[in-house]
Structures are given as C-alpha cells and as structure tokens.
Amino acid sequence: MEQMITANIALDIFSIVLSLIPVVYLLSCQRYRQPMNRHFLGICVSNIFMILGDIPDWLFQEAPSAPEKAILNASSILFYTASAFVLYFFARYIYDYLEISGRARKLLLTAIRVLWSIQVFFAAISPFTGAFFYVTDDGYQRGRLFIISQLVPLSCYLLFSALVIVYRWRLTRREAGFFLLFIFVPPGGGA
C-alpha cells in the first residue's frame, strides 16, 4: 500500500509538471490572447488544480485529524470542481476548433453549462450531504451520489465524440484521431 501511495503522489507531481509546460508556453509572448489558446490554457490550469485536489486523498489515508479532514474536504471540492472546468474548457476548445455556430453552438454551450453546474453543485454540497464524497476517521469515502460525478464526464465525452463524428468533414484524419484520443484516453485510464 505504501508503494502505491508513493507511486500515485509521484505520478500526480509529474502530471503537474507536464501540465505546467504548456501553461508556461502559452503565457510566454502572450500566446493566450487567441481564444483557442485561452481555452487550452484553461484546460491545463484546471488540470493542475484537479491534480492538486487529488494529492491529499493519497497523503491522509487513515484516521485523519480535524485539520486533515478539513483539507480532505477542501481538496475534494477542488478536485471535482476543477474536473468540471477541464470539461468546460475542452468543450469551448472543441467548438471553436470545429467552428460550430448558430443553434448547434448555443445547444452545446447550454448542455456543457448544465453538466458543469451539476458537477460543481454536488461538489460544493458534498461536505454537508455526502453526495459525491464524505470524510470520516477512515479518510475520504465515496458518497451515495458518486455515480453522478462519473456520469457528468461520461456525458461530456459522449457529446464530444458526437461532435467529432458529426463535424468530421471539417477535420483531417489526424485531427479527428487527436480529438478522439483526448476524449477516450481519460475514461480508458480511469477504467
């Protein structure tokens, strides 16, 4: 168990470093001024916060003290909220990249905002209701509505996949492959 904890913390730190590389690149020479670069910057920064929210769960495994419980609650809120922002910024990136306009753009934005709101709402109320998670003397525990925290990203991934399929004529094979990898690698890694 000790080795698994160490390995996961090391992977989290490595992931933060990898996410910082594009952040530095986009901030240098003000590359973030382009809308798609801003969305990509949002993805990277949100990913960093999501990872930072994951680390305390590995650090405080059993019988956490009151301050550690507070840190676990705050970091878990950060994790779930940041994961919603990763999906939100990716949605903005993909519809700008595909140049989606009109009614389709409005529907996509509405769908993403609803899914984002669901994720953030349940993350915020979880310390009080145990919806997504709760913290006991045994550490972080999944809540009774944890499945919603998994269905929101899954819904986003399905929506993104549909967009790539519907708008495939605007993409080269390589671009379609890139988007599909970005869409399917996270749930595959999670599985």
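**Notes on the helix pair and the hairpin**

1. Helices α3 and α4 are roughly antiparallel to each other, a label given to angles over 145 degrees. The axes of α3 (residues 66-97) and α4 (residues 102-129) cross at roughly 175° and come within 8 Å, the axes being lines fitted to C-alpha atoms over the stretch in contact, with angles from 0 to 180 degrees between N-to-C directions. Helices here are DSSP runs of H or I with at least four residues, and strands are E runs of at least two, numbered from the N terminus.

2. This is a predicted model, in which local features need pLDDT of at least 70 and side-chain atom pairs count only at pLDDT 80 or more, while totals for chains, interfaces and linings use all residues. Residues are numbered from 1 along each chain as its sequence is written, and side-chain values use heavy atoms, with hydrogens and water left out.

3. The contact (heavy atoms within 4.5 Å) involves residues including Tyr80, Phe85 and Tyr88 of α3 and Leu108, Ile112 and Trp116 of α4.

4. Strands β1 (residues 133-136) and β2 run antiparallel and are joined by four bridges, where pairing requires at least two DSSP bridges. The two strands form a hairpin with two residues between them, and valine 135 has tyrosine 140 of β2 as its bridge partner.

5. Arginine 142 lies in β2 (residues 139-142) and is exposed, at 58% relative accessible area, where exposed means over 50% with a 1.4 Å probe and protein chains only. Beyond its neighbours within four places in sequence, arginine 142 contacts Phe132, Phe133 and Tyr134; its C-alpha atom is 6.0 Å from that of phenylalanine 132, 10 residues apart along the chain.

Technical notes: Parallel < 35°, antiparallel > 145°, perpendicular 65-115°, else oblique. Buried < 20%, exposed > 50% of the residue type's maximum accessible area, 1.4 Å probe, protein only.
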